[in-house]
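Please examine the model shown below before reading on.

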Amino acid sequence: TLSVQLNSESIVVGEVVVGATTPMVQRDVTSSISVIRRDQIAALPVSNFKDLLSLQAGVVETGGNNLHIRGGRSNEVAYLVDGIYVKDPLLGNLALEIGNDAIQEMSLLSGTFNAEYGNALSGVVNIVTRDGDENFTGRLEARTSEFGVDRYTDLHESRVNGSLSGPLFTNKLTFFVSGEVDNRGSYLPYGYDKLGSIFTKLNSDIIPHA
């Protein structure tokens with residue numbers, strides 16, 4: 001018999017990053033999937049994510065920013081933001097506004113899809129939002145029709161959007177904030193003011209060590 005006494009102590013393991021590349025052909029996919037990543041969103045000249053979707057095959061945008069996928073009705077599309085359904089229970093459309101700056105990746109499932117997605121007949125839009133950066137970063141963009149040409153000045157359209165992200169007291173706790181203000185002209189004397197979206201996200205990388 002060998003008697004051995006061991007002392008318990010905590011061991012801190014460094015960060016482990018696992019990376020993988022998406023294969024060109026996914027054999028286990030039963031539906032048509034279009035994925036739009038952050039670098040593509042930043043490169044495309046679009047004002048909102050619905051314009052991104054309208055560029056995909058089988059998607060048509062009609063009046064009122066309604067999306068129709070493969071001939072289906074606009075209320076037959078399921079919208080998910082970070083895995084949570086955000087459909088309007090009354091009309092069946094998207095229940096919130098989200099700016100392009102707040103999107104990390106967006107995927108569109110059209111045609112046949114798995115039974116895990118409920119309340120969807122023509123398509124599923126899955127949006128993954130951005131996390132905060134370890135360094136402070138920001139972005140500000142402004143568009144206006146008020147530049148002296150009567151044809152465009154009469155529209156009275158102005159749009160400002162921006163985002164800010166960075167660490168919150170420590171690099172293990174980050175934040176991300178994005179907002180958009182859209183002012184459009186109308187028959188009303190003071191125009192049409194629309195607060196497009198204000199999105200805030202906190203991300204914690206604090207992992208307890210045993």
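The paragraphs that follow move from the whole chain to its sheet, its hairpin, its salt bridges and its surface.

This is a predicted model, in which local features need pLDDT of at least 70 and side-chain atom pairs count only at pLDDT 80 or more, while totals for chains, interfaces and linings use all residues. Residues are numbered from 1 along each chain as its sequence is written, and side-chain values use heavy atoms, with hydrogens and water left out.

The confidence of the prediction is described by pLDDT, the predictor's score for each residue on a scale from 0 to 100. Across the protein chain the mean pLDDT is 77, and 83% of the residues reach 70 or more. Strand E7 (residues 123-129) has the highest confidence, at 86, whereas strand E11 (residues 192-204) has the lowest, at a mean of 57. Over residues 206-210 the pLDDT is below 50, and this stretch has six contacts in the model beyond near neighbours in sequence. A contact here means heavy atoms within 4.5 Å.

The protein chain contains three helices and eleven strands. Both kinds of element are DSSP runs numbered from the N terminus, helices being H or I with at least four residues and strands being E with at least two. In sequence order the elements follow the pattern β-α-α-β-β-β-β-β-β-β-α-β-β-β. Among contacts in the protein chain with a separation of 6 or more, 53% are between residues 24 or more positions apart. Of the 210 residues, 33% are buried; buried means under 20% relative accessible area, exposed means over 50%, and partly exposed lies in between, with a 1.4 Å probe and protein chains only. The chain exposes about 14,300 Å², of which carbon and sulfur atoms supply 54%. These areas come from the Shrake-Rupley method with a 1.4 Å probe, and for residues only the protein chains shown count as cover.

Strands of a sheet pair through backbone hydrogen bonds, either parallel or antiparallel. In this model, two strands are taken to pair if DSSP finds at least two bridges between them. Five strands form an open sheet in the order E1-E6-E7-E4-E5, with mixed pairing. Strand E1 (32-37) and strand E5 (84-85) stand at the edges with a single partner strand each, so one side of each has no neighbour in the sheet.

Another antiparallel pairing joins strand E9 (residues 158-168) to strand E10 (residues 170-184) over eleven bridges. Val 160 stands opposite Val 181 in E10. The hairpin of E9 and E10 has one residue between the strands, and Phe 169 takes a positive phi near 70° there. Arg 159 and Glu 180 form a salt bridge, with their closest N and O atoms 3.2 Å apart. This pair links distant parts of the chain, Arg 159 in strand E9 and Glu 180 in strand E10, 21 residues apart. Arg 159 counts as buried at 11% relative accessibility, and Glu 180 is buried at 12%.

The structure holds six salt bridges in total, each defined as a side-chain nitrogen of Lys or Arg within 4 Å of a carboxyl oxygen of Asp or Glu. One of them joins the side chains of Asp 101 and Arg 139, at 2.8 Å from N to O. Asp 101 lies in the loop between E5 and strand E6 (103-110) and Arg 139 in strand E8, so the pair ties together parts that are 38 residues apart in sequence. Asp 101 counts as buried at 6% relative accessibility, whereas Arg 139 is partly exposed at 39%. Glu 141 forms a salt bridge with Arg 143, the closest N and O atoms being 2.9 Å apart, and Arg 143 is partly exposed at 36% relative accessibility. Arg 38, Asp 101, Arg 139, Glu 141 and Arg 143 are linked in a network of salt bridges.

Asn 135 is found in the loop between E7 and strand E8 (137-144) and counts as exposed at 57% relative accessibility. Leaving aside neighbours within four places in sequence, Asn 135 contacts Ser 165, Gly 166 and Pro 167.
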